[in-house]
Amino acid sequence: MASVAYAIPQAALVAHSVFKKPTADVTIETPTAASPQTIPESKLEVEKDSTPRDPHLLPSFTEDSLSRPSEPVLYLPPLLSSLPPSYPHIEPPSEQPPLHTETRLPDIDPASLSLHRALHHFKPRVGYASLPYDTAFNWNELILPEEDKREWYIVAFRSKRKDGSDGSPLYEADRLAHEEAVVNGGLIMYWYGVPDPVTGLNLATCIWQSRAHAVAANSRPHHIRAMKLAASSYEVYTLERHVLRKEKGATGVTIEEFVGGDVACFNVCTGDLEDAPAVNGIHSFVTEIKDGKIYVTAREEDTLKANMARSPALSSLLESQVAQEGPGDGVVIVGGGAATIHAIESLRLYNYGGHITVLASETYAPIDRTKLSKTLMSDTSKLEWRRLDVLREKYLVNYRTDVQVTSVDTDAKTVTIGGSETVKYGKLILAVGSKPKKLPVEGADLENVFTLRQVPDAKRIDTALQPGKNLVVIGSSFISMELVVAVAKRQLASIHVVGQSSVPFKSILGEAIGKGIMNYHINNGVKFHMGQEVKALKASPSSPGAVGSVILNDGTEIPADVVIFGVGVRPATEFLKGTQLEEAIQKDGGLKVDKQLQVEGFDDVFAIGDIAVYPQAQGGDYKRIEHWNVASNHGRAVGKTIGRREDKLAAGFAKVPIFWSAQGQQLRYCGVGEGWDDVIIRGNPDEMKFAAFYLKEGKVIAVASMQMDPVVTRSAELFRLGLMPTADEIRAGADLLSIDIVSKKV
């Protein structure tokens, strides 16, 4: 490892938020120490203050310093942790020695050290508090060494103080929370801005070495108290999460919306999982209120960061129970997606002690498929919910990969693999999901023409989308537009989107919201061809086997090195044609099931996920819902039915469909909005900050939001409980968050 000189440039010890052109270039040492990098004059404008604030000292956190500051506060911890012995360094100007705790990284990795150095030149753009996060600061001016490759976790808060609110308790809590964060470790930067004199909006942000560091810090008592005080002191207080990424070979960084994390619903008393997508529960602790204080009793190991999640408690008798059951009496699951992993978890959670056999076409365990379109991640070790060896050895699942089911015989209770091998079942769960469509146009089979469904698809797309390439996305679906977000910062020559409607998502979200999201993409360099259809894909003159352009119906020819179809999916039920189950197949390829997700007319056969046409909790209409979270909860429901050895659950499946999509901001949606005829919008879609209520015949049937997440979360529960306000009440300003959902009997 090359030695690194950790020297703080004199220019760094200035107030970093009031900027003018410097009189000279500013030189920053890089980890190679052999050839210093220079930031051009045009990229760095800093006004040196005669009395600069030392950015390595904790802010004072007083009413004057944070409510009425003359300048934003930039705080860079003096050292992130102890430097490796091979790193000679100059101590930063601070009296506070480096702190060491078990939650800190043992050494500073070179990339984080480079970032820490570059952030001495961090500054906001004009009107930053109202700008999208990736344009609010001078990210494009931060320069790091080419050899660095790393990503960091960002938490940002947008806020606006209530008139007349007392900030003193909050600022004291902030001071304690930041002292707590420094001790916790992992904090690279804290920045607190100046409230806008016109709008009153402000933006604060922290950069962490990892999400785990942020979670550990944010779970501590002073931080929790600060959050609670902020919620009561601010009329606007929203949280954003982002990823700061540095790729090898580049000198700059990119900002991406954070996607992922264990987001789910848990039982407040037991910590058990109540709702997908997570597969683990959380710990519950004995609590006691005594003398006005809350006392918590816990096993020490359950309080450690490494043990935040709690795996399901499997029966100690599971192995002997499975051994006593005949394989032909067991559960066979066809498919290897989200519905499958949750069915397995639920079966074992509800003490199903029989054989479980999974027949999956994939070569890997069930994955968090949402990350494929949102990040093009292709490392299965980071995508799998459970490793194959865990499913086989701990859950005692006969998990077979890379197999193709070709037929089902419900009379003989067998599943056929590859046209010859048969597997007997006692209960059959069909969880085969969907297959992406391609348009039947000339050239659709050329090289570099892709669809996205599985990990190999993501890997091929990721490899093909090199800097300088022209990308054409056919279809303006959620998957399509998530891919556009994922690759927008890749320095492609062009990104074109072809869609049939006037704006993306028009039939689901409406014209105004679709236009607002489209304008966001346009501002990021994406070119749209809406109201168009594809006539043909044309081969490249220089490489006849590969795509070279896309021809539209109006004659427009778009250069294309890579084409991705995002024109929808179809249920993967072709293998059921010619079997007894063909009579249950609907026009769209789905299987009609009852409230318990059992295929109508077929005992012991369940269909879940994308292929299930099931009665909705809202109104009872039979619909097929292609939401990943719905598939997950279907698996949980069927596992519970079989695990409890009940023929049917009395109430049936009654979850309200929920989905989310990364579209520059996180879009949240709940309900079944098909056929909506009116929409009430609160907020401004052009700013990608709104809550939209979709109506059908005067009744609210779905809700969508951006940057107003609590509205959708509460709406899902109001739909479930039958407490959603009427359209007139929504128009009159009904506050969903104030509606009592606790005393409602269910």
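## Aromatic contacts, strand pairing and cavities in a predicted model

Phe122, Tyr128, Tyr133, Phe137, Trp139 and Trp191 form one aromatic cluster. The structure is a predicted model, in which local features need pLDDT of at least 70, side-chain atom pairs count only at pLDDT 80 or more, and totals for chains, interfaces and linings use all residues. Residues are numbered from 1 along each chain as its sequence is written, and side-chain values use heavy atoms, with hydrogens and water left out.

**Aromatic and charged contacts**

Across the whole structure, 17 aromatic pairs are found. Rings of Phe, Tyr and Trp (its six-membered ring) pair if their centres lie within 6.5 Å; planes under 30 degrees apart count as stacked, over 60 as edge-to-face and the rest as tilted. The pair Trp628 and Trp660 is edge-to-face because the ring centres are 6.0 Å apart and the planes stand at 85°. This pair links distant parts of the chain, 32 residues apart, with Trp628 in helix H16 (residues 628-643) and Trp660 in strand E36 (residues 658-662). Helices (H or I, at least four residues) and strands (E, at least two) are DSSP runs, numbered from the N terminus.

Burial is classed by relative accessible area: buried means under 20%, exposed over 50%, and partly exposed in between (1.4 Å probe, protein chains only). Trp628 is buried at 17%, and Trp660 is partly exposed at 22%. Arg490, in the loop between helix H13 (478-487) and strand E25 (494-499), is also partly exposed, with a relative accessibility of 23%. The C-alpha atoms of Arg490 and Leu465 lie 7.9 Å apart in space, while the two residues are 25 apart in sequence.

A charge is also placed against an aromatic ring: the charged end of Lys592 sits over the ring of Tyr622, 4.6 Å from its centre. The criterion is that NZ of Lys or CZ of Arg is within 6 Å of the ring centre and within 35 degrees of the ring normal.

**Strand pairing**

Two strands pair if DSSP finds at least two bridges between them.

| Strands | Sense | Bridges |
|---|---|---|
| E15 (residues 331-334) and E21 (residues 427-430) | parallel | four |
| E21 and E33 (residues 605-607) | parallel | three |
| E27 and E28 (residues 547-552) | antiparallel | five |

Val334 stands opposite Leu430 in E21, and the bridge partner of Leu428 in E33 is Val605.

Strands E27, E28 and E29 form an open sheet in the order E27-E28-E29, with antiparallel pairing. Its edge strands, E27 (534-539) and E29 (557-559), each pair on one side only. The twist from one strand to the next averages 25°, taken between N-to-C directions on a scale from 0 to 180 degrees, with axes as lines fitted to C-alpha atoms. Leu537 has Val550 in E28 as its bridge partner.

**Cavities**

A cavity is a set of points on a 1 Å grid over the protein atoms alone where a 1.4 Å probe fits but cannot get out; lining residues have an atom within 4 Å of a point.

The largest cavity is lined by 24 residues, of which Phe157, Asp174, His178, Tyr190 and Tyr237 lie nearest its centre. Elements that each supply at least two lining residues include strand E4 (150-161), strand E5 (187-192) and strand E7 (234-246). Helix H4 (168-184) is also among them and gives the most to the lining, with six residues.

Terms used: 1 Å grid on protein atoms, 1.4 Å probe; cavity = no way out; pocket = protein on both sides within 12 Å on 5 of 7 lines; lining within 4 Å.
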